[in-house]
Amino acid sequence: MPKRPIPAGETITLKDGKLIVPDRPIVPFVEGDGTGRDIWRATVRVLDAAVAKAYGGTRQIVWHEVLAGEKAFRETDNWLPDETVAAFRQYLVGIKGPLTTPIGGGIRSLNVALRQLLDLYVCLRPVRHFPGVPSPVRAPEKVDMVIFRENTEDIYTGIEYRAGTPEAEHILQFFAEAYPKDFAKIRFGTAAKTDEFLGMIGAPAEQKVEVGLGLKPVSRLGTERLVGAAIQYAINFERKSVTLVHKGNIQKFTEGAFRDWGYEYAERAFGDYVYTWAQWERTKAAAGEGAANAEQHAALEAGKILVKDAISDIALQQVLTRPDEFDVIATLNLNGDYLSDALAAQVGGIGIAPGGNINYVTGHAIFEATHGTAPKYADLDQVNPGSVILSGDMMLRYMGWIEAADLIIAALERTIGQKIVTYDFARLMQGAKKVKTSEFADAMITNMDRVLGDDERESHHAVGPDLVRPVEVAPYPRLTVGALMTRGVVAVSGSAPVSDTTHLMRSRGITSVVVEPDGSGTWGIMTMRDVLKKIVLEERDLGGATVEAIATRPLITVSPDLTLKECASLMIERNIRRVVVARDGEPIGIISETDIFRFVEEGN
């Protein structure tokens, strides 16, 4: 079959470790098998609408269909064509629906194959509850975790040998000769052991060995890059802890090594940002438990992230009974598989659980449905498209298109809040309106307009309820503005009504917003004090005022590399209470006198 034509668009690239995303990026997609077709049709409409509405038509995703799964096999006689892998490799960022696992020989799993071919070493699984979504637990709102699941090692490498095959027999023979003591631990590794047990239960002897074998590789480097990604995420998004989940009490040199290497790397690479339970253990041994507790308390009060660990079976209990004690989780593949699906059940099920597979070094990322293909519901327009829609939200955030992503979340929350849901939720929600997959997408798109404002507010260029500039991810030294600032700023258009903007500020609990550049490219700021001075004291009509009329331009900014002392001096000199942090002319955060005061007080 001839190759599918490449649509007219631009390629996402990586420069200095940062994605460069054009206004019309080419994004490969696989619609998926079974219900994937219905889900993708709904999802692409939601994603396109969010981008169009958030950016007023100035940005557009250029979709490029690539083949995998049943559709690929029908058209090319290949479950995963080379062209598909090449497209994901070239265009860096892609998305896919659920895929059928081929039966018989060849590729064991298309999902695993893509992860391994592109070295997508992080399986990122955020789990949170949306108000109104039915849940089997009493307090699902306490579930707000992000799982970093290792994608390229552990038993998911797929190194296995079927019982009775020459390969399995060869490995057993080698093991018996090279490591006889360990070989003796294999319960039925010899025909004699097999027949002995059969005789105990009155069964005839078989004189054969049937033992399947698998390899569980866990490396130091594989551990470090996963744990490093998890800690960096916790730093960027101000998370309170990272938990290393493992079964190291039994598998000491794989799972146990994962824990030990994780602690070592956390202290070596992120020592200024974290406090580990390994440090606590060393202090306890040297100075007693009281001293260790005091040390940990002081570290956390100073804003450090706690890096701790939990044995996997205990963790599976505690995410259910004490979910608020978990934040970011880093774990090996099999543990992550169990944890992510168990947590998804607590917040509405796998049908609304998103996922992404990422290589933070090369920039490659594929976002995907986390559920199966459910073939009996295929082409019936019934199933919940939430998993792929939320995976699309993750993709947009990864691309830096935060405004469109926020719009999707706001519309989804509003739609579920209206009890407009597909059959899986409708059967569990009192008074719900059951809709088709396509109708759920319709409702979300309609709610985007309501989120942005009613028709009379569409004339101005404010483009969303949470206009958060892309979140800065670079680490900065302690005692600098970058280390202390609140990352990400809320920005509005100068033509936005003050009434809308004050509502936005109150709903987010903030006292200022950045104002988008004017015709000369100059940024501005509108603060709560501006409203008091220029609206209340001057007795102006709030209803007709725009942000531009009361905003202050030009915007005073500081570099994230500025020291706290230099920043405090500037605030005193200019008589300002907060200052926007900018890099390369773009606002990336904000720091206030309260932030600096709290830092000094907590340090003392």
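Me: Does E573 count as buried or exposed?
Reply: E573 has a relative accessibility of 61%, where buried means under 20% relative accessible area, exposed over 50% and partly exposed in between, with a 1.4 Å probe and protein chains only. The model is predicted, so local features need pLDDT of at least 70 and side-chain atom pairs count only at pLDDT 80 or more, whereas totals for chains, interfaces and linings use all residues. Residues are numbered from 1 along each chain as its sequence is written, and side-chain values use heavy atoms, with hydrogens and water left out. E573 therefore counts as exposed.

Me: How far apart in space are E573 and L110, C-alpha to C-alpha?
Reply: E573 has its place in helix α22, residues 564-574; helices (H or I, at least four residues) and strands (E, at least two) are DSSP runs numbered from the N terminus. Along the sequence, E573 and L110 are 463 residues apart, and their C-alpha separation in space is 61 Å.

Me: What radius of gyration does the protein chain have, against that of a compact globule?
Reply: The radius of gyration is taken over C-alpha atoms, and the globule rule is 2.2 Å times the number of residues to the power 0.38. For 604 residues, a compact globule would come out near 25 Å, and this agrees with the value for the protein chain, 27 Å.

Me: Which residues does the UniProt annotation "binding site" cover?
Reply: The annotation comes from an unreviewed UniProt entry; UniProt positions are given in the numbering used here, feature names are shortened, and annotations may be inferred rather than shown by experiment. The residues that this record covers are S109, N111, R115, R125 and R149.

Me: Which residues does N111 touch, not counting those up to four places away in sequence?
Reply: N111 sits in helix α4, residues 110-117, and at a relative accessible area of 22% it is partly exposed. Beyond the residues up to four places away in sequence, N111 touches K96, L99 and E368.

Me: What is the relative accessible area of R149?
Reply: R149 is found in strand β7, residues 144-150, and six of the seven residues of that strand are buried, so β7 is largely enclosed by the rest of the structure. R149 itself is buried, with a relative accessible area of 4%.

Me: Which residue is the bridge partner of F148 in β13?
Reply: Two strands pair if DSSP finds at least two bridges between them. Strand β6 (residues 122-128) is joined to β7 by seven antiparallel bridges, with L124 opposite F148. Strands β7 and β13 run parallel and are joined by four bridges. In β13, F148 has as its bridge partner A330.

Me: How far from a polar atom of the T331 side chain does the backbone oxygen of V245 lie?
Reply: T331, in strand β13 (residues 328-331), is buried at 0% relative accessibility. Its contacts, neighbours within four places in sequence aside, include R149, V245 and F258. A polar contact is a pair of N or O atoms within 3.5 Å; within protein, one must be able to donate a hydrogen and the other to accept it, and residues adjacent in sequence count only if both atoms are side-chain atoms. The backbone oxygen of V245 and a polar atom of the T331 side chain are separated by 2.8 Å.

Me: Which residue in β21 is the bridge partner of S512?
Reply: An open sheet of three strands runs in the order β19-β20-β21, with mixed pairing, and its edge strands, β19 (491-492) and β21 (524-527), each pair on one side only. Four bridges join strand β20 (residues 512-515) to β21 in antiparallel fashion. In β21, S512 is partnered by T527.

Methods. Contact means heavy atoms within 4.5 Å.
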